Structures are given as C-alpha cells and as structure tokens.
Amino acid sequence: MFERFTKGARAVVTGAVAVAEREGASAVTEEHLLLALLDAEDTRAALALRALGATERRASLEAALAAARRRGGLSTVEVDALADLGIDVARIVARVEETHGPGALTAGSDGRPRGSKRRSFTRESKKVLEQSLRVCLGRREKEIGDEHLLLALTARPGVVSEALADHGVTYTAVERALDRPRG
C-alpha cells in the first residue's frame, strides 16, 4: 500500500513518527498523524486545513486532544454516555491523578516502556492508513495523498475526528475545501 503514497503522504507518516518520538510515545497514534498533517506546508491537506481555519486554531485543537488524553482517550460522546449511567469521568480522573499523579491515564497501554526506540503504529492509526486507501479509491484517484489521510481521520469515529469536527473540519468540509479551485 505504501507504494501508492505520494511524497506528501509519506512525509506525514514519517512526521507522525517524529512527533511520537519527540513526545516519548511508545506508538504512533491518530493524534500523531493529525499533528504531522498540521505541520505540513504546501500540500493539499495543508491547504484544506488552512482554508478551514484549523492551522490558526492549532492550539485549541491540541488542547482538545490533551483533554481527551487526560480522560484516558475517551471522547466526549463516551463521557456523556458514562454520565448517563451515573459515572462522573472528571471525578474519576481527578481521583486517579490525586493518587497516581497528573496525567496518570495518559500513559500508553501497550506495555512497552516510554521512550523505546522503535515506534509501531496503533491499531487505530493503521486503520486510518487503510481508510486512506478506501478514500482514495472512492474518489477515483490513483495515489494516496496527505488529503486522503486527512479525510480518513475525519471519517473514523474517535477523539481525533471529534476534535476536528468541533473545529469545523469534517469530512464534507474537507472535501469541499479540496474540490475548490486553487488560486
């Protein structure tokens, strides 16, 4: 599949690995793919993100992702569903952090020590890469570009797509931004 990736898409994947390394993460996540997309310049995805105002709101996006990480990766939909069952996630997070320290729920769950040399991709980030191929084929395009990675991130349920949607970056909005004439 990677032979179908454009130079820009490959740069996003290697950029995601670099982001994970900088953060000392044990694996490359969907969040790392998004952050690498936000770092991209002069690519189709970068232009779409800029047109949708996401690059200007990067700090807000990162704060939303950090808040989800602090909740152990739960989306607000999941938090709301738990609240309907009488479970107060904020209270649980506060108690866990009181006992185990700030950010206790943000540690990786794969058992590998943080800072390990080799960065594998999480199951979810691999699914984003697979979804990018489906998106590419669905758009009847031959190469997988970084725009397909962005569309895949918006199409998959979870914290990253939720944070993007909260900032106006939905599948439909990205498609519209990509289909606009350049110039």
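The questions and answers below go through how some labels on this predicted model are reached.

Q: What should I know about the source of the values?
A: This is a predicted model, so local features need pLDDT of at least 70, side-chain atom pairs count only at pLDDT 80 or more, and totals for chains, interfaces and linings use all residues. Residues are numbered from 1 along each chain as its sequence is written, and side-chain values use heavy atoms, with hydrogens and water left out.

Q: Why is Thr-154 called buried?
A: Buried means under 20% relative accessible area, exposed means over 50%, and partly exposed is in between (1.4 Å probe, protein chains only). Thr-154 has a relative accessible area of 13%, so Thr-154 is buried.

Q: Where is Thr-154, and which residues is Thr-154 in contact with, leaving aside its neighbours within four places in sequence?
A: Thr-154 has its place in helix H8; helices (H or I, at least four residues) and strands (E, at least two) are DSSP runs, numbered from the N terminus. Contact means heavy atoms within 4.5 Å. Leaving aside neighbours within four places in sequence, the contacts of Thr-154 are Ser-161, Leu-164, Val-169, Thr-170, Tyr-171 and Val-174.

Q: What makes a set of residues a nonpolar core, and how many residues has the largest one?
A: A nonpolar core is a set of buried Ala, Val, Leu, Ile, Met, Phe, Trp, Tyr and Cys residues joined through side-chain atoms within 4.5 Å. The largest one here has 43 residues, and those with the most contacts inside it are Leu-34, Leu-150, Leu-153, Val-169 and Val-174. Two or more residues of this core come from each of helix H1 (7-23), helix H2 (30-39), helix H3 (44-51), H4, helix H7 (123-138), helix H8 (146-155), H9 and helix H10 (171-179). In soluble globular proteins, nonpolar side chains tend to be buried together.

Q: How do you know the angle at which H4 and H9 pack?
A: Axes are lines fitted to C-alpha atoms, for helices over the stretch in contact, and angles run from 0 to 180 degrees between N-to-C directions. On that basis helix H4 (residues 58-70) and helix H9 (residues 159-166) pack at about 145°, with axes 10 Å apart.

Q: Why is the pair of Arg-44 and Glu-147 called a salt bridge?
A: A salt bridge is a side-chain nitrogen of Lys or Arg within 4 Å of a carboxyl oxygen of Asp or Glu. The closest N and O atoms of Arg-44 and Glu-147 are 3.3 Å apart, so the pair meets that limit. Arg-44 lies in helix H3 and Glu-147 in helix H8, so the pair ties together parts that are 103 residues apart in sequence. Arg-44, at 25%, counts as partly exposed, while Glu-147, at 7%, is buried.

Q: How many salt bridges are found in the whole structure?
A: A search finds 8. Among them, Arg-123 pairs with Glu-124, with closest N and O atoms 3.7 Å apart. Arg-123 counts as exposed at 59%, and Glu-124 is partly exposed at 32%.

Q: Where do Arg-139 and Asp-179 lie, and are they buried or exposed?
A: Arg-139 and Asp-179 form a salt bridge with closest N and O atoms 3.3 Å apart. Arg-139 is in the loop between H7 and H8 and Asp-179 in helix H10, 40 residues apart. At 18% Arg-139 is buried, whereas Asp-179 at 55% counts as exposed. A network of salt bridges links Arg-139, Glu-141, Glu-175 and Asp-179.

Q: What makes the phi of Asp-42 worth a look?
A: Most residues other than glycine have a negative phi, and most peptide bonds are trans. Asp-42 is not a glycine, yet has a positive phi of about 55°. Asp-42 is in the loop between H2 and H3 and is exposed at 66%. Arg-140 also has a positive phi, of about 60°; Arg-140 sits in the loop between H7 and H8 and counts as exposed at 79%.
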